[in-house]
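Subject: Structure to look over

Hi,

Here is the structure I said I would pass on. Could you open it next to this email and follow along?

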Amino acid sequence: MREIAGNIWDYHGIGSFLVVTTNCDVNRHGNAIMGRGIAAQTAQRYPGLPRRLGELIKQRPQAVRMFEAEQLIMFPVKFHWNQPASLTLIQQSAEMLMQMDVPGQIYSVRPGCGNGGLRWEDVRPILEPIFGDKIIIVERGTVW
């Protein structure tokens with residue numbers, strides 16, 4: 001797992017996939033709740049995606065999903081949109097992601113560390129052995 005500084009969207013659409021951290025919640029209209037962080041940015045860029053993801057969440061809430069045409073990977077970090085991120089769910093999602101055949105490089109924000117409220121110091125040791133060199137973590141600003 002490599003860490004770089006920058007804007008994750010700079011890596012989108014160049015043959016690579018972006019990890020979009022999400023929750024396992026659907027609103028009363030059947031749309032995935034994508035209200036903050038990279039999820040909100042994704043919903044703005046792909047207005048039909050919350051509906052498509054919502055249908056899949058209703059079938060299997062805690063699954064990692066690849067939207068190949070959009071070059072996006074939905075990665076659950078929270079069970080409910082207004083709860084903190086779950087280290088257990090992040091580990092489960094990471095293991096599921098590594099089982100997938102993703103064509104190209106994968107870039108991710110720090111899962112659970114933005115709106116999820118977790119500290120990278122707690123998440124990183126869980127992800128490093130799972131992600132190996134397959135995932136590049138993109139953090140805004142300086143990476144130490």
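Below is what I found, going from the whole chain down to a few single residues.

First, a caution: this is a predicted model.

**Overall fold**

The protein chain has four helices and six strands. In sequence order they run β-β-α-α-β-β-α-β-α-β. For 144 residues, a compact globule would have a radius of gyration near 15 Å, and the protein chain comes out at 14 Å, so the two agree. The C-alpha trace spans about 40 × 30 × 30 Å along its principal axes.

As for burial, 49% of the 144 residues count as buried. The accessible surface of the protein chain is about 7,300 Å², and carbon and sulfur atoms hold 47% of that. On charge, I get 15 positive and 13 negative side chains, with the centres of the two sets 7 Å apart.

**The cores**

The largest nonpolar core has 24 residues, and those with the most contacts inside it are Ile-73, Phe-75, Ile-90, Leu-97, Leu-127 and Phe-131. Strands S2, S4 and S6 (135-139) and helices H3 (87-99) and H4 (120-131) each supply at least two of its residues. H4 gives the most, with five residues.

Leu-127 is a handy place to start looking. Setting aside neighbours within four places in sequence, Leu-127 is in contact with Met-1, Ile-90, Ala-94, Pro-111 and Trp-120.

There is also a second, separate core of 20 residues, which includes Ile-4, Ala-32, Leu-53 and Phe-67.

**Helix H1**

Helix H1 covers residues 37-45, and its buried residues are Ile-38, Ala-39, Ala-40, Thr-42 and Ala-43. What do they pack against? The partners are strand S2 (17-23), helix H2 (49-59) and strand S4 (72-78).

Thr-21 is in strand S2. Its relative accessible area is 15%, so Thr-21 is buried. Beyond residues up to four places away in sequence, Thr-21 touches Ile-38, Ala-39, Phe-75, Val-77, Val-109 and Pro-111. Two of those names, Ile-38 and Ala-39, are also among the buried residues of H1.

Ser-16 is in the loop between strand S1 (2-5) and S2. Leaving out residues up to four places away in sequence, Ser-16 touches Tyr-11, Gln-71, Gln-105 and Tyr-107.

Glu-3 lies in strand S1. Glu-3 has 18% relative accessibility and therefore counts as buried, the cut-off being under 20%. Glu-3 and Val-138 are 135 residues apart in sequence, yet their C-alpha atoms are 6.0 Å apart in space.

Have a look when you get a chance.

Cheers

Conventions
Residues numbered from 1 in each chain as written. Predicted model: local features only at pLDDT ≥ 70, side-chain atom pairs only at ≥ 80, totals over all residues. Heavy atoms only, no water. Rg over C-alpha atoms; globule rule 2.2 N^0.38 Å. Buried < 20%, exposed > 50% of the residue type's maximum accessible area, 1.4 Å probe, protein only. Areas by Shrake-Rupley, 256 points an atom, 1.4 Å probe, with all protein chains shown as cover. Lys, Arg positive; Asp, Glu negative; His and termini not counted. Charge placed at Lys NZ, Arg CZ, Asp CG, Glu CD. Contact = heavy atoms within 4.5 Å. Core = buried A, V, L, I, M, F, W, Y, C linked by side-chain atoms within 4.5 Å.
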